[in-house]
Amino acid sequence: MPIKYVHTNIIAGDWKRLADFYIEVFGCEPVPPARDLRGGWLDDGTGVSHAHLRGMHLRLPGHGKTGPTLEIYAYDNMLEKESPAANRKGFGHIAFAVDDVEDITQRVINAGGGALGKVVQHAVKGVGLLTFTYLTDPEGNIVEVQHWSDEA
């Protein structure tokens with residue numbers, strides 16, 4: 001079987017609220033059923049003793065019914081994370097291509113997210129004009145919104 005990308009996971013303090021954010025702002029679609037998982041198999045697979053998690057998968061826009069998902073889960077017992085920074089080691093952000101970066105930026109803020117950077121434009125020689133910014137979802141995960149055009 002060839003390798004196939006299937007999902008990205010976010011561990012959330014409030015998985016329902018965070019799922020609603022991605023549904024409302026980015027048009028992600030729920031992939032039932034919601035999960036409520038526990039047991040020795042989960043402890044063994046995650047390396048987390050007495051693991052219990054709840055959450056759901058959201059189909060990411062633009063890839064059809066079999067495309068990758070955003071998996072949003074909450075464990076009963078979670079470790080705290082540091083504040084978001086674009087240059088922190090590890091996974092940095094997820095990104096969405098949008099038609100209007102400023103409009104989506106305002107929608108993110110209105111839905112409880114925040115602005116990490118400013119909306120900027122930059123011509124990339126041989127590629128086009130990039131308009132983008134880094135934002136945060138309501139739990140501080142970094143989300144890039146970008147738009148490419150042929151104008152340069």
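1. Let's start with V101: is this residue buried or exposed? V101 counts as buried because its relative accessibility is 4%, and buried means under 20% relative accessible area, while exposed means over 50% and partly exposed lies in between (1.4 Å probe, protein chains only). V101 is found in helix α3; helices (H or I, at least four residues) and strands (E, at least two) are DSSP runs, numbered from the N terminus.

2. Which residues does V101 touch, leaving aside neighbours within four places in sequence? They are V119, T131, F132, T133, V145, Q146 and H147, where contact means heavy atoms within 4.5 Å. Take T133 as an example: V101 and T133 are 32 residues apart along the chain, and their C-alpha atoms are separated by 7.5 Å.

3. A word on what you are looking at. This is a predicted model, in which local features need pLDDT of at least 70 and side-chain atom pairs count only at pLDDT 80 or more, while totals for chains, interfaces and linings use all residues. Residues are numbered from 1 along each chain as its sequence is written, and side-chain values use heavy atoms, with hydrogens and water left out.

4. Now the whole chain. It has three helices and nine strands, and from the N terminus on the order is β-α-β-α-β-β-β-α-β-β-β-β. The C-alpha trace spans about 55 × 40 × 30 Å along its principal axes. Of the 152 residues, 38% count as buried. Among contacts with a separation of 6 or more, 55% come from residues 24 or more positions apart.

5. Next, the salt bridges. Side chains of opposite charge can pair when their charged atoms come close. A salt bridge here is a side-chain nitrogen of Lys or Arg within 4 Å of a carboxyl oxygen of Asp or Glu. How many does the structure hold? There are three salt bridges.

6. One of them joins K65 and E29, at 3.7 Å from N to O. This pair links distant parts of the chain: K65 sits in the loop between β3 (52-59) and β4, E29 in strand β2 (residues 29-38), and they are 36 residues apart. K65 counts as exposed at 68% relative accessibility, whereas E29 is partly exposed at 41%.

7. R54 and D76 form a salt bridge too, with their closest N and O atoms 3.1 Å apart. Here as well distant parts of the chain are linked, as R54 lies in strand β3 and D76 in the loop between β4 and β5, 22 residues apart. R54 is partly exposed, with a relative accessible area of 34%, and D76 is partly exposed with 42%.

8. Then comes the salt bridge between E82 and R88, whose closest N and O atoms are 2.9 Å apart. R88 lies in the loop between β4 (69-75) and β5 (94-97) and is partly exposed at 35%. E82 counts as exposed, with 56% relative accessibility. Not counting residues up to four places away in sequence, R88 touches E82 and S83. By contrast, take Y73: the C-alpha atoms of R88 and Y73 are separated by 22 Å, at 15 residues apart along the chain.

9. To finish, return to helix α3, which covers residues 101-110 and includes D103. D103 counts as partly exposed because its relative accessibility is 37%.
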